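Dear colleague,

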Amino acid sequence: MEQRLGVRERSDWSKSVRKVEPAFRTLGAPLEAVRSYTDSNCVNLGSCLQGCPTNGGKSTQNTYIADALAAGLLELRADSHVERVVIEDGEATGVEYVGPDGALTRVDAGAVVVAGGTLNTPQLLLRSGLPDSPSSRLVGRNLGFHPARLVYGLFDEPQDNHMVYPITAHAMGHQHDEDGGFVIEATTIQDPIGFATTLEDENGPLYGPALVEALRAFRRWIGLLVMVSDDNNGSVQLDENGQDVYEASFTAAENARMAGALDFTRDVLVEAGASSVRWTGLITTHQQGSCRMGSDPERSVVDADGQSWDVKRLYVGDGSVVPRTLSVNPSLTIMALASRLAEHLHADTRGYLS
Ligand SMILES: Cc1cc2nc3c(=O)[nH]c(=O)nc-3n(C[C@H](O)[C@H](O)[C@H](O)COP(=O)(O)OP(=O)(O)OC[C@H]3O[C@@H](n4cnc5c(N)ncnc54)[C@H](O)[C@@H]3O)c2cc1C
Ligand code: SF4
């Protein structure tokens with residue numbers, strides 16, 4: 001997996017990473033080079049979140065999907081929305097989807113793999129009418145957010161954090177803290193609009209002259225991303241009209257952990273010489289765990305192969321199966337789990353595809 005994605009060590013630290021590095025060391029959580037799936041075409045454009053223009057950032061789109069498509073092993077039906085998995089006599093027999101022409105089409109299959117992501121997969125399963133059981137009652141439960149914040153420090157010299165690869169270094173010193181821990185990535189900044197609309201200080205969102213002043217200094221901010229391990233207390237469910245409903249009820253312990261992580265990150269920036277520090281509210285791009293994998297049908301949605309405990313031939317192959325929020329970015333693990341599932345299906349030990 002790592003080989004195909006071109007995982008390599010990013011020790012090509014920018015000026016801004018070097019600026020904060022001594023402070024991390026002083027505060028006992030030294031920065032380490034990140035191993036990341038960006039190949040030599042990465043020219044530090046910094047637009048990873050908007051889409052990598054050089055394909056230096058490897059994703060399934062330019063690796064696994066491209067390989068299968070080029071080899072004629074994959075038929076893509078783009079711009080289509082799967083409405084439900086067809087379940088007959090306790091087995092998944094296909095899906096129904098609405099294509100770009102608006103028509104509802106049924107595809108029959110020996111096995112169905114749902115991979116709509118942590119927020120969408122539970123909705124699709126709930127809309128498909130799973131039989132009632134302890135396992136199906138867990139669909140959409142145990143949702144983890146991996147809550148994060150960007151914390152910014154203002155420095156005297158331009159740092160140009162909009163023109164760096166955003167994750168060349170991380171501080172792992174608090175990854176295994178007894179209270180749950182956190183990880184910090186260095187360094188990055190949002191695009192100017194994202195930056196302007198999310199900035200806060202202890203009085204709440206920044207506005208007026210203070211915000212204008214912060215924006216004028218755009219090139220001088222260094223941003224650190226701090227990600228906290230949560231306890232999977234969220235959920236995604238459907239209301240009586242079939243609309244999605246999300247809940248994130250953090251416990252007092254989780255709130256204290258997030259506050260501690262923010263304090264530490266602020267301390268790093270002050271130690272590094274920042275003249276002021278600002279931060280964003282909570283953000284997440286790492287949802288995990290809403291259809292967790294496990295060995296006990298009373299406590300999980302899918303078994304160790306990724307197959308539903310309740311519906312044969314129905315598999316889940318995305319981040320929703322991760323049983324507990326990972327302390328680091330999850331996509332490599334999600335891809336490894338998907339690859340493992342592909343090997344399982346290819347071996348066809350249950351005779352679903354023969
Ligand atoms: C801005 C951003 C930055 C990130 N940075 C990193 C990073 O640096 N490192 C890292 O490890 N992770 C990162 N992540 C997280 C990572 O992208 C996700 O964890 C990962 O993509 C999740 O994979 P998945 O297969 O579970 O779901 P997804 O990648 O979300 O795939 C689900 C797919 O299913 C499709 N879909 C959903 N419902 C339906 C339906 N009903 N019918 C048809 N199609 C459907 C969706 O359109 C989507 O294409 C980032 C995420 C974001 C948003
Ligand atoms: S910094 Fe990001 S967007 Fe720019 S080339 Fe590298 S991976 Fe692509």
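Just after helix α4, G129 adopts a positive phi of about 75°. Helices (H or I, at least four residues) and strands (E, at least two) are DSSP runs, numbered from the N terminus. Please note that this is a predicted model, in which local features need pLDDT of at least 70, side-chain atom pairs count only at pLDDT 80 or more, and totals for chains, interfaces and linings use all residues. Residues are numbered from 1 along each chain as its sequence is written, while chains are lettered from A and ligands numbered from 1 in the order in which they are written.

Within α4, the buried residues are T121, P122, Q123, L124 and L125. A residue is termed buried if 20 or more other C-beta atoms lie within 10 Å of its own, exposed if 12 or fewer, and partly exposed in between, with C-beta atoms placed from the backbone. The elements against which these buried residues of α4 pack are β3, β6 (112-114), β13, β14 (244-247) and β16 (314-316); here two residues are in contact if their C-beta atoms, placed from the backbone, lie within 7 Å.

**The two ligands**

Ligand 1 is surrounded by 19 residues, of which G116, G117, D318, N329 and S331 are the closest. Two or more residues of this shell come from each of β3 (81-88), α4 (120-127) and α8 (331-347). The greatest contribution is that of α8, with 3 residues. A residue is counted as near a molecule or strand if its C-beta atom, placed from the backbone, lies within 6 Å of it. By class, the shell around ligand 1 holds 8 nonpolar, 10 polar and 1 charged residues. In this classification Ala, Val, Leu, Ile, Met, Phe, Trp, Tyr, Cys and Pro count as nonpolar, Asp, Glu, Lys and Arg as charged, and the others, Gly among them, as polar.

Around ligand 2 there are 13 residues, the closest being C42, L45, C48, C52 and G57. Its shell comprises 6 nonpolar, 7 polar and no charged residues.

**Domains**

The domain assignment of the protein chain gives domain 1 (2-53 + 145-279) and domain 2 (77-141 + 289-347); such bounds come from an automatic or database domain assignment. The C-alpha centres of domain 1 and domain 2 are 31 Å apart. Each side supplies residues to the contact: 13 residues from domain 1 and 13 residues from domain 2. On the side of domain 1 that touches domain 2, β13 provides the largest share, 4 residues. That side of domain 1 divides into 3 nonpolar, 8 polar and 2 charged residues.

**Backbone features and one strand residue**

Most residues other than glycine have a negative phi, and most peptide bonds are trans. N55, which is not a glycine, has a positive phi of about 60°. N55 is placed in the loop between β2 (31-36) and α3 (64-70) and is partly exposed, with 16 other C-beta atoms within 10 Å. N232 also has a positive phi, near 55°, and is located in the loop between β12 (221-228) and β13 (235-238). N232 is buried, because 20 other C-beta atoms lie within 10 Å. A cis peptide bond, with omega about -15°, joins A186 and T187; T187 belongs to strand β9 (residues 182-188).

Finally, A33 is found in strand β2 and counts as partly exposed, with 15 C-beta neighbours inside 10 Å. Leaving aside neighbours within four places in sequence, A33 is in contact with E9, R10, S11, T168 and A169.
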